[in-house]
Amino acid sequence: MKLRNRATKVFAVLLVFVMLCGSMAACGEKVDPTDAPKATDASKATDAPKATDAPEETEPVTEVVELTMVGVDNAKGADWNNTLSFAEYEKRLGIKFDATHYTTDQWASKLTLLFANDELPDILAMTNSKMSRADLEKYAEDGYLFDFSPYLDQMPNLKAIMENDPAYANAITMPDGSIYGFPTYSKRAASSKHGYYFMSQKWLDNVGMERPETLDELYQVLKAFKEQDANGNGDPNDEIPMGMAGSSSYGHEFPILWAHGIYSKNYTYHLQADENGTVSLMDTTENYKDFLKYMNKLYDEELINKDAYVISGDELAAIAKEDRLGFSSTWTNRCVDYTYDTNEWYVEVGFTSDYSPERTVVLDTKLNTSYNLAASADTKYPEAVVKFVDYSFSDEGALSGGNGYEGISFSMKEIAGVGVIDYTGYWEDKYENQEIYRNTVATNNSGCAVLAANEGTIYALLEQVDDETLRSDEVWAVASSNVLREEALRTDGLVIENPFPNLYYTEEETKERATLVTDITNYLNTAKANFITGEWDIDAEWDEHLEKLNEMGLERLLVIEQAAYSRLTGK
Amino acid sequence: MKRKARQQYKQRYNFRKKVLSKWQLYVLMLPAVLYTLLFSYKPMYGILIAFQDFRVRRGIWGSDWVGLANFERLFDSYWFPIILKNTLTLSTLGLVIGFPLPIILALLLNELKNEKYRTFVQTVSYMPHFISTVVMCSIITMFLSPANGVINQIITFFGGEKLYFMQEASWFKWINEISGIWQGIGWSSIIYYAALSSVDSALLEAADIDGASRLQKIWYINLPEIIPTVVVMFILRCGSILSVGYEKVYLLQNDMNLIGSEIISTYVYKVGLEQSDFSFSTAVGLFNTVVNCVILISANWLSKKVTKSGLF
Amino acid sequence: MAEKLKRFFRGSQLFQWIVNIIIFVFLVVELYPIIYVISCSISDPEAVNAGKVFLGPVGFTLEGYKRVLEYKDIWIGYANTIFYTVVGTLINLIVTLPCAYALSRKDLAGSKFFMIFFMITMYIGGGLIPSYLNIKSFGLVNTRAIMVILGALSVYNMIVARSFYSGSIPYELTEAARIDGCSEFANFVKIVMPLSKALVGVMVLYYGIGHWNSYFNALVYLEDRSKFPLQIFLREVLLQSKLLEETMSNNPMLSAEEIAYLAEIERQADLIKYCVIIVSTLPMIIIYPKLQKYFEKGIMIGSVKG
């Protein structure tokens, strides 16, 4: 009897759950319409400006093809399908996308499942992920990926870039001539490829020194920052002459590295080739040893913050905001942008030394090492895929990825005689701020873009104006600290060194290289940190250090790198 | 001859009778067995990937077999002894310090007289379990920060030198372990606390009458009550000696402490960044399993010798 | 007085003091991260990032909570998580407890075999792809069902339960009932279950929190945002709050605009990060004291054993 009672109870409970389940499903369905207004908002936004000044360049497309797309977005972002650019693709190209996207940390598992499922979307948009050449080749070999090489004749925009820059052609062409994936390519002006190595002009003035041009001068300047009240707040001890944060990012020390004749933008593992085409690892040279010694001297004398390896970028930014930082890199630019005026900072370029008689900078490469756009071999609409990819390599297509279309999501504004993209009038009423508008309403924040265009950007503006206009309020208002980067690159006698090219390996090489290069860079990273902080003694332990590298198989690794380099350059 | 056959028959008959008479017990196990077969055993063939050069499209049966090549890649790595040592250090510390503390906490909580206070303490102690690893790690870093971390402020207050905890490889294991205890002690103690609930109150009363001290009661009554649970938990813990999770260690890592903080799982993650390779990570997983199983079986054997009880 | 002092030093009072002091220190240490997270949730995110929050809030603001309330995804996730937790835990109990009980019985032939059968799965798994294909073959991908079925049996918890049964439910008790004519089923429901409230409490807590915190299964097996549990959204927020640092170290090609956008997203995520943690933890903290009563009520066996 009692048991039966209990059974009914259990049954009742189950029933409740089933009902709960049902209501939950209903709940889920109810949610979708709430998202809908976004779409209507977007279409409204499309309508309004279009009526006034839409240039009708393209013929209306009669037949619309539907392509699927899966992408990865570094922020969660809004639905890509609802962006203004995607609506334009439908109108201009006759391609309607059905896109889904994931965040960067979901991506690795999701991509694996896409392959496991054998249900690849027509387009893989991976601008924010890191598919290596090795992975690309592996998937291509398994027959997953679409080969673009037979369609090259239908891809004038891509062809133009390949002809302009053989490095790009090298990057996308596999040994057998097929083309499966595309790294992002930047057509932007040089200033976009220089780091933000901010030096405080105000502090220099306060300690009465000139901008340093040699390594020795840099040391003297940092020392003066340390010893004197460089920020002029009355406390001579609160200055951090050179700030570093985070272990392996940002490259705060790059100008010092270049000054030692090591022209690289890697954190460690600096490959360099001589004129005969012999590849060597600079991390084992006297140059690098002296670089470590120099850094160690700075660290030891507290010219670099002692907590360099544990502090976060945010904390460093907070220190910069208090005006306690004299020389630091990359993204403290946020503080520079918002807190200081133009004349308080300048961007450093490079220093001279015995190793590097000219002031030298290394710019970022024009092309990414990872592959950011690919397509499925099983696509039903190869023509449409080819059309879209080639369109992405056109200037208009490139702008559509991160900025949108003129007259639809932005207008062009003349600044110092140069046209610059301007969003005024498009976002103010409905959206919280311009950036949210640009990346969730107008575009998907370059989520499926492979080309960074120059035209209309601030880099184009900076490149074209003369020295005087560069420093004008008008230009600073749109370009802020980027002005300082452009200015830095205009330094007299500056040598711009090309970085070591991206190398491409055979399948065998890749396999052998994977563990070797992980082992060695991992070790080089920790060795660099320990040498700089003085945990390890550079002079005493250098030979042992080199010995360890050999034990890890450095020689073998260099043979692989040399082979890949020789293949690439023909030397 | 005949007799032996009869005996055999009898044994078999007995066994069958034993099984048949208890069929209801097997029915009770049925859902679990079914679930395990369908969701754990059915995809288990995936372990073969470890011996292959696995290609997704060719599948398990179409990929090339490479024998032990994937294992060799792990063993040949210069870092292998380092990561093995670090992994073992972290988990051994967990076993030696992290394991007994929740037991002690459960025994102490059991001694608190005020029920409301006790519930409060318990609720508080298990809340850190919910703070996600990312946030926990930022709390740890902030706490130990040389610039304005609480610990260093205490040290300098007493006239000491600032310590750069996160920059020292030798500190890493302690930071990891202590923060692990901090976050997990309340949570882990729940099982022991629950086991204490089955202590016979009559026994405690009898002990009171005999004039036993509180410590004696804990030692002779409470502790023996939870020993079986402790043994089971200990054996299980031994069986995961190489399975140190990657997320927390990875987040607390920096270039300075790498020699002390690189463990198997973080290393595999880094190799995977270079080239995604299921075969390699599966091989490493299998290596972990083999070591874990050996330790588990030894622990179980030892436990059977010493306490006369084990898992199987 | 002297008598009192003597008692104090000899026994229970001194002991009680020591216990109280230890527990109090412990309480303070454990309270710290919680107070810290709460303070962060009502502080200016910039102060939090700069490492200026130690105990109390800095730059008090309730903006974060306001935004969480407006953040629709979070509430969808909340409803889903509650559903997955409740139904999933129920299934866990139905699968785990009877099995653990059966395995705890001395008279079960082949119990060693079954233990090994189960324990193998603790160590050998198929890996991501075979498991996914398996679930797909059942047609369970992107269904709510998979979220409650997957992990129906945790061998670890089953072993804990089994050791509880073999330690606390005397074989003689069930055997006697069986001789009286009770079936094993009735035995389990009528005798064993009422005696194991403490165990059920622990299991509900272990499994329930497992479901509550579950993230990876949802990531792999679910597609629709409307089915996502809370943890996915929580992870998204946490990821976004480190966006700039992460993206900038991965991709040096960012333009000034992109950086500005990421900074903006990061600022918004920073604002709600800690609030989301609080909001997502709250139900567990409310439920715990209620479950805990069961641990204390497990004192049944006294009468049986004695």
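Within helix α8 of chain B, the residues B:Met136, B:Ser138, B:Ile139, B:Ile140, B:Thr141, B:Met142, B:Phe143 and B:Leu144 are buried. The structure is a predicted model. The cover over these buried residues includes α9 (150-157), α10 (169-196) and α13 (247-252) of chain B, together with α2 of chain C.

**Helix α8 of chain B**
- Helix α8 of chain B runs over residues 133-144 and holds 12 residues.

**Contact between chains B and C**
- Chain C contributes 75 residues to this contact, and chain B contributes 68 residues.
- On the side of chain C that touches chain B, helix α2 (residues 12-41) gives the most, with 13 residues.
- That side of chain C consists of 49 nonpolar, 19 polar and 7 charged residues.
- Helix α2 of chain C is also among the elements that cover the buried residues of α8 in chain B.

**Domains of chain A**
- Chain A is divided into domain 1, comprising 37-183 + 371-402, and domain 2, comprising 195-362 + 500-569.
- The contact between the two domains takes 6 residues from domain 1 and 7 residues from domain 2 of chain A.
- On the domain 1 side of this contact, the elements giving two or more residues are α4 (133-141) and α6 (166-172) of chain A.
- The residues on that side of domain 1 of chain A divide into 3 nonpolar, 1 polar and 2 charged.

Methods: Residues are numbered from 1 along each chain as its sequence is written. Chains are lettered from A and ligands numbered from 1 in the order in which they are written. This is a predicted model: local features need pLDDT of at least 70, side-chain atom pairs count only at pLDDT 80 or more; totals for chains, interfaces and linings use all residues. Domain bounds come from an automatic or database domain assignment. Helices (H or I, at least four residues) and strands (E, at least two) are DSSP runs, numbered from the N terminus. Ala, Val, Leu, Ile, Met, Phe, Trp, Tyr, Cys and Pro count as nonpolar, Asp, Glu, Lys and Arg as charged, and the others, Gly among them, as polar. The expected span of a helix is 1.5 Å times one less than its number of residues. A residue is buried if 20 or more other C-beta atoms lie within 10 Å of its own, exposed if 12 or fewer, and partly exposed in between; C-beta atoms are placed from the backbone.
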